[in-house]
Amino acid sequence: IALVEEYNSSKLLEESWIHPFAVHAVCHVLATNPEEGLRYVETVIDPSLWVGSSFFAIHLYYHIITLLMDCNRLNEADAMYNDKLWPLVHEEDLYTLSDASGVLCRFKVAEVLAHNDTRPQQLSARWVRAACQFHHLSNIPFFVMNLTMMAALLEESGTHECAEAAVSRCREPFRQVFRAALSADVDALQASRDVWTSIGGSKGQVDILEKFRIWAIGCRAPRLAAEELRKAARSEE
């Protein structure tokens, strides 16, 4: 709330916040107002200050791509993935692999990916080479979430095998939900409705995970997913 008030008072702009961590926070604040989010990023932030300063320097490209997509600027989003994000993705960095997976999943839903697009296979190959690092994933399940979505959406065999290996190294309750998503086990996904309450973390993190669970249900049972969304809305009232 304080960050929203500070942004709305233009203090952020007056002080010219340029550290990637600060920009990242504002991107989340403005996620529901993508036009304003893009104006902030494009007019205040100097991209030359991002790369090399922190992981957020790369993660910001993910946010800008999603903002562009929310503004229906799909060609620009596609170009930014190719020109800015993909050159920074490598198998030594699970953060960048996760971001690239999240973007390609959004591209799939938005029909940006052509039938013969080779980018999923290229990314899958890098995930496979990163498998030796999967023992780290018990502490960063959001990466496994993006990989699991990629396996389900892109239907690429190498990605699916890689996701299974990553999920097996996740701690509970993440493992049970991700495994159910990979196997399209709608009953197990429904039974996991309250599972996120045990993880702690912020409400924003729980919301992301709950949206993933409902999305996984919707892949096979759209009507059930709609009912889950209604239940979630009622619980917020």
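This note goes through the predicted model point by point.

1. **The nonpolar core.** Start inside the structure. The largest nonpolar core has 69 residues. Those with the most contacts inside this core are Ile 65, Tyr 81, Phe 107, Leu 123, Trp 127 and Phe 178.

2. **Phe 178 and what it touches.** Which residues does Phe 178 touch, leaving out residues up to four places away in sequence? The list is Pro 141, Val 144, Met 145, Thr 148, Val 167, Cys 170, Leu 209 and Phe 212. Find Phe 178 in the viewer, then pick out these partners one by one.

3. **Aromatic rings.** A search of the whole structure gives eight aromatic pairs. Take Phe 174 and Trp 196 as the worked case. Their ring centres lie 5.7 Å apart and their planes meet at 40°, so this pair counts as tilted. Where do the two residues sit? Phe 174 is in helix H11, while Trp 196 is in the loop between helix H12 (186-191) and H13. The pair therefore ties together parts that are 22 residues apart in sequence. Both Phe 174 and Trp 196 are buried. A single aromatic cluster takes in Phe 174, Phe 178, Trp 196, Phe 212 and Trp 215. Phe 178 and Phe 212 belong to this cluster, and they also touch each other.

4. The structure has 11 salt bridges. One of them joins the side chains of Glu 36 and Arg 39, with N and O 2.7 Å apart. Both residues belong to helix H4 (residues 34-44). They are three residues apart, which is about one turn of the helix. Buried or exposed, or something in between? Glu 36 has a relative accessible area of 21%, so Glu 36 is partly exposed. Arg 39 is at 47%, so Arg 39 is partly exposed too.

5. Now turn to helix H13 (residues 203-220). Glu 210 forms a salt bridge with Arg 213, and their closest N and O atoms are 2.7 Å apart. These two residues are separated by about one helical turn, because they are three residues apart in the helix. Are they buried or exposed? Glu 210 has 15% relative accessibility, so Glu 210 counts as buried. Arg 213 has 0%, so Arg 213 is buried as well.

6. The side chains of Arg 230 and Glu 227 meet in a salt bridge, at 2.9 Å from N to O. Arg 230 is partly exposed, at 43% relative accessibility. Glu 227 is partly exposed, at 25%. Both lie in helix H14 (residues 222-236), three residues apart, about one turn of the helix. Elsewhere, salt bridges with shared partners link Arg 193, Glu 210, Arg 213 and Glu 228 into one network. Glu 210 and Arg 213 from the previous point are members of this network.

7. **Backbone features to check.** Most residues other than glycine have a negative phi, and most peptide bonds are trans. The peptide bond from Glu 172 to Pro 173 is cis, with omega near 5°. Pro 173 is in the loop between H10 and helix H11 (174-182). Asn 72 has a positive phi, near 65°. Asn 72 sits in the loop between helix H5 (56-70) and helix H6 (74-85). Its relative accessible area is 60%, so Asn 72 is exposed. Glu 111 is not a glycine, yet its phi is positive, at about 60°. Glu 111 lies in the loop between helix H7 (94-109) and helix H8 (119-129). With a relative accessible area of 70%, Glu 111 is exposed.

8. **Ala 165.** Which helix holds Ala 165? Ala 165 is in helix H10 (residues 157-168). At 26% relative accessibility, Ala 165 is partly exposed.

Key: Residues numbered from 1 in each chain as written. Predicted model: local features only at pLDDT ≥ 70, side-chain atom pairs only at ≥ 80, totals over all residues. Heavy atoms only, no water. Helix = DSSP H or I, 4+ residues; strand = E, 2+ residues; numbered from the N terminus. Buried < 20%, exposed > 50% of the residue type's maximum accessible area, 1.4 Å probe, protein only. Salt bridge = Lys/Arg side-chain N within 4 Å of Asp/Glu carboxyl O. Core = buried A, V, L, I, M, F, W, Y, C linked by side-chain atoms within 4.5 Å. Contact = heavy atoms within 4.5 Å. Phe/Tyr/Trp six-rings, centres within 6.5 Å; stacked < 30°, edge-to-face > 60°.
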